[in-house]
Amino acid sequence: MNAESHLLVARELTKRFGGLVAIDALSLEVRRNEILGLIGPNGSGKTTFFNVITGIYASDSGETVFDGNDISNLPAQAVYRAGIARTFQRSRLSLPLSIFDNIMVGNHMHLDQGLWFNLGRRGAFKRQFEEQFERARELIKIFDPPLADRMFEAVGGFPMIDRRRIEICRALISQPKLLLLDEPSAGMTHEETTQLMNDILEVKERVTDLTVIIIEHEMGVIERITNDCVVLNFGRKICQGSYQEVAADMQVQEAYLGIK
Amino acid sequence: MKRTLPEFGVLLPGIAGLIVLTVYLALLLQVESQTEIAALLVIAVVAALAATRFGVMPRIGRSFREFEGPFSLAIACAVLVMVAYFHEDHFILLLIATVIIYIIVTLGLNIQFGFVGMLNFAGAAFFGVGCYTAAVLTKNTPLPHLLILVIGGLMAAFIGSLLILPVLRTRGHYSAVITIAFGLLFKIFLEVNDVLGGPQGLHVDGMNVLGWEFNKNIEIGDDLEISFYVNYIIVGLLVLGLSFTLVRRLERSWIGLNLDAIRLDETAAACFGLNLIRWKVTAFTVGNFLIGMAGALYAMMVGFIAPTNFTFGDSLIMVSIVLLGGIGNPWGLVVATIILVIVPEKLQAIQEYRFLLFATMVMLMLLFRPEGLLPRPLRTYFPAWKPR
Ligand SMILES: Nc1ncnc2c1ncn2[C@@H]1O[C@H](COP(=O)(O)OP(=O)(O)O)[C@@H](O)[C@H]1O
Ligand SMILES: [Mg+2]
């Protein structure tokens with residue numbers, strides 16, 4: 001296999017919580033520009049995989065190569081700078097802050113963080129603020145144009161679907177190479193999920209270099225948007241392939257092993 | 001641009017509020033009969049409740065937000081008017097100066113607790129570091145006194161960052177624990193340290209800027225004598241103005257955003273590249289700088305400091321002001337400081353019970369209005385700015 005065609009390569013990743021092996025010698029490759037579906041029953045280690053990749057947890061063994069660089073066990077900040085951004089299964093927006101503020105948190109690496117720039121040079125700061133405001137607005141317009149006019153309202157006052165959109169914008173604003181979506185449709189109706197997936201596909205179309213891993217339970221979604229799927233069970237990869245292959249294989253698994 | 005009518009409508013509640021508050025405060029400061037003071041306080045509570053009930057508060061808040069610069073100047077002028085009115089009354093002027101200095105302290109605590117979420121229970125100790133720095137430097141060095149204010153701040157900032165660095169890698173409220181320990185140790189250290197005067201404390205020289213002697217009453221003509229505290233009020237107002245501007249700019253920048261993001265969710269903040277240690281150290285250091293600077297000014301004003309000025313109880317009062325005022329809102333701090341400093345001084349009946357009273361107030365506040373007297377509004381980076 002050609003390493004260049006793979007954006008992310010995980011080799012034999014293992015993460016234990018005490019006696020529990022949450023991911024177990026997991027190896028996985030993600031091709032550039034694809035949408036990879038990560039599926040498996042609750043507790044099979046999908047979220048833990050994201051947490052290990054993004055540096056929230058250190059792995060117990062194994063390595064991760066991203067875009068040709070070893071990022072195993074780098075701190076979360078370095079993983080972000082390398083070009084990986086994510087959403088969380090249980091939304092982790094800052095509810096008391098405005099939409100704009102939340103999106104700007106994700107934009108950290110494009111904002112000038114110097115003490116003097118921020119405190120002393122208000123003119124220069126204002127130019128950067130206006131520039132970044134426009135960027136945030138353009139991005140959120142893809143998801144829901146009305147939100148672009150409510151940028152300075154607290155996120156806590158918006159319904160779940162809007163919060164998901166904002167959270168995805170927060171991840172996208174830094175222009176990551178790899179976007180990790182952890183159950184973006186959780187708690188939403190069927191219609192809302194369809195809408196959100198349309199938006200994600202639209203972003204994918206507009207941005208030239210974006211790879212996505214999506215954790216998702218709804219098989220319809222997986223069928224529709226993914227190029228490739230990986231199925232986890234008890235922290236292990238039990239199969240990989242296109243949706244059709246995996247679905248066929250899963251029926252076999254279900255029939256013989258009783259896994260659901 | 002022509003002044004339009006709606007703009008005046010926005011200004012009016014603020015102007016009215018400012019005038020009413022100034023007159024009220026002057027009255028409260030002047031009156032000495034305990035029953036009259038009690039009556040004034042009851043009136044204030046009723047008026048505040050009524051104003052909240054009828055939606056006057058948000059309108060006053062809006063005036064202040066949209067015209068913050070002009071209103072800040074107007075408040076400084078209002079203070080000067082009060083000062084002119086009370087020009088010979090040492091006690092009242094000392095009280096006003098103390099309020100100003102305490103506001104600077106709570107602005108510092110607000111950066112730490114209100115913005116980045118670090119509890120500092122050693123406010124009085126960092127204040128004390130500034131005080132003792134001023135005492136030692138005024139006595140032993142010819143350094144200009146304005147510079148000593150800055151050095152007082154730097155000392156507090158330096159000691160604070162030494163203290164906090166080891167616990168920053170851990171999560172949770174370790175800053176609370178370590179500052180409690182530091183506050184207690186600081187007082188013991190002062191008491192056993194003979195060089196710093198031990199339990200008896202130290203004398204501090206009055207401020208002197210380019211020959212302008214702060215501790216002399218100002219004499220104008222033959223029969224007009226103005227209390228020397230006015231000097232300290234003027235410098236205090238200048239330092240307060242700078243501190244307030246600093247806090248405001250901090251809040252309305254990416255740094256303010258970083259601090260909020262860290263307070264609200266460290267894990268999410270780390271996932272978007274925020275360096276938790278850098279921003280916590282920044283907030284803690286800048287906060288202690290303000291506290292130390294205020295301490296140095298206070299020491300020169302009162303001329304005498306002793307370990308008993310810097311107890312854990314004093315630190316608690318400082319934290320209660322932040323909780324009461326409205327966590328993260330500098331205007332809330334101004335209001336809460338005025339209440340918590342002036343009321344116990346005027347109402348002697350509660351002097352002895354003031355800790356009990358403060359504790360009750362804070363508890364009631366946390367129960368019924370956890371966002372404080374004046375809740376913090378959403379961040380506006382440039383108040384008058386509108387998207388195109
Ligand atoms: N921080 C943690 N501490 C202990 N156990 C954990 C922790 N995070 C996850 N686990 C465990 O690891 C297993 C995998 O969890 P997770 O990755 O969240 O599964 P999924 O996202 O596939 O539902 C579960 O058994 C879960 O209880
Ligand atoms: Mg999960």
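The dialogue below treats the interface and then one residue.

Modeller: This is a predicted model, in which local features need pLDDT of at least 70 and side-chain atom pairs count only at pLDDT 80 or more, whereas totals for chains, interfaces and linings use all residues. Residues are numbered from 1 along each chain as its sequence is written, chains are lettered from A and ligands numbered from 1 in the order written, and side-chain values use heavy atoms, with hydrogens and water left out.

Colleague: How many residues of chain B are in contact with chain A?

Modeller: Contact means heavy atoms within 4.5 Å. Here 32 residues of chain B are in contact with 42 residues of chain A.

Colleague: What area do chain B and chain A bury between them?

Modeller: Buried area is the accessible area (1.4 Å probe) that two parts lose on being put together, summed over both. For chain B and chain A it is about 3,400 Å², 69% of it on carbon and sulfur atoms. On the chain B side, B:Trp254, B:Phe272 and B:Trp385 lose the most area to chain A, together 26% of what that side buries.

Colleague: How many salt bridges does the rule find across the interface of chain B and chain A?

Modeller: A salt bridge requires a side-chain nitrogen of Lys or Arg within 4 Å of a carboxyl oxygen of Asp or Glu. The rule finds 2 across this interface. A:Asp101 and B:Arg379 form a salt bridge through their side chains, at 2.8 Å, N to O.

Colleague: Is B:Asn110 buried or exposed?

Modeller: Buried means under 20% relative accessible area, exposed over 50%, partly exposed in between (1.4 Å probe, protein chains only). B:Asn110 is buried, because its relative accessible area is 0%. Among the residues that B:Asn110 touches, not counting those up to four places away in sequence, are B:Val247 and B:Leu333.
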